[in-house]
Amino acid sequence: MELRQLRYFVRVAELGSIGRAARDLGVVASALSQQISRLESELATRLLTRSPTGVTTTPAGAAFLRQAQLTLRHAESAVAAAREARLAGTVSVGFAPTTASLLARPFYAAMTERYPNVRLHLVEGLSGNLGDLLNARRLDLAVLFQNDTAQGRSVVPVLDERLFLLAPRGMVERPDGEPVRMTDLAGLPLAVTSKAHGLRAWVEAAFERAGIEPWIGVEVDGLTTLMDLVQAHPIATIQPGAAVARVETGLLSMHPIDDPYLFRRNHIYCISDDELSPAALAARVVLLDAMRGLVRHGGWPGATLLDS
């Protein structure tokens, strides 16, 4: 049983509606209903009676509601006590460049608000290098992707982000935001990362599935330089939606690519939980909240949460 399930149940019971509770909590109604069903299965009893007009608690549900509300109050008190204890220490967190462009600022802001005495060390680099730093225990946490390796480490899958074609206005004969197929990219000069990046492998695999050879105009191992080139020259690129954080508004068109396999999965990797300091454990929670918050509020283009 998780605190999240208790929060979900309490809000549904208080509002008398799964739909209203889902909107209030910022989650999908189907995911909320599934969590309530799991809770009922774990307790082996029906907590809510569902009807076309809403939901009401059963006698067991009413009894459970009182205890759940009390448990949540105790949990909130525990959180407040932990914060008042002025958690301190240093936490090292790694981001790939596209992830850093979107996530570093809200993560830093949330950490300084919740844990002002925790010192952050933020590292931006190639995801493969970040995995090596994590394995060497020179990082506590890192946001990495599904084909990255961090041996023997704790992993929390968070979200999938689809990839987009970014091109100067007028270069692609389609309205901004309209999807393109990989075959539409034939003959289009591309600025891409080198093969040291996992992103390059996904892009090449997509071209191979489409049976076409990409036109690689330039390889760039730096997101800032790559995006500067695309904004200044008639050359396109394939990047996750997070890359638009470093794009001047109005200069580029952005097109989803119609390939169901062209996405990357974002995980929070960390050294084993037994080795994480209290400050690092707190930072992991804040990092997860920041990632989910960006997606839920539309701040992460093309991203879909794996667990609402």
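Reader: By class, how does the lining of the second largest cavity divide?

Author: The model is a predicted one. In it, the residues lining the second largest cavity are Val192, Thr193, Leu199, Arg200, Val203, Ile238 and Gln239. Arg counts as charged and Val, Leu and Ile as nonpolar, so the classes follow from these names. The division is 4 nonpolar, 2 polar and 1 charged.

Reader: Which element gives the most to the lining of the second largest cavity?

Author: The space in this second largest cavity is about 40 Å³. Two or more of its lining residues come from each of H7 and strand E9 (237-240). The greatest contribution, 3 residues, is that of H7.

Reader: How many cavities of 30 Å³ or more does a search of the whole structure find, and how much space lies in the largest cavity?

Author: With the cut-off at 30 Å³, the search of the whole structure returns 2 cavities. For the largest cavity, the space amounts to about 200 Å³.

Reader: Which residues of the lining lie nearest the centre of the largest cavity?

Author: The lining of the largest cavity divides into 9 nonpolar, 7 polar and 2 charged residues. Of the 18 residues that line this cavity, those nearest its centre are Pro97, Thr193, His197, Leu199 and Arg264.

Reader: Which element supplies the largest share of the lining of the largest cavity?

Author: Domain 2 (89-159 + 264-305) and domain 3 (162-262) each provide at least three residues of this lining. At least two residues come from each of helix H5 (97-114), helix H7 (198-210) and helix H8 (223-232). The largest share, 3 residues, belongs to H7.

Methods: Residues numbered from 1 in each chain as written. Predicted model: local features only at pLDDT ≥ 70, side-chain atom pairs only at ≥ 80, totals over all residues. Heavy atoms only, no water. 1 Å grid on protein atoms, 1.4 Å probe; cavity = no way out; pocket = protein on both sides within 12 Å on 5 of 7 lines; lining within 4 Å. Points joined across faces, edges and corners; volume = space filled by probe spheres on them. Helix = DSSP H or I, 4+ residues; strand = E, 2+ residues; numbered from the N terminus. Domains from an automatic or database assignment.
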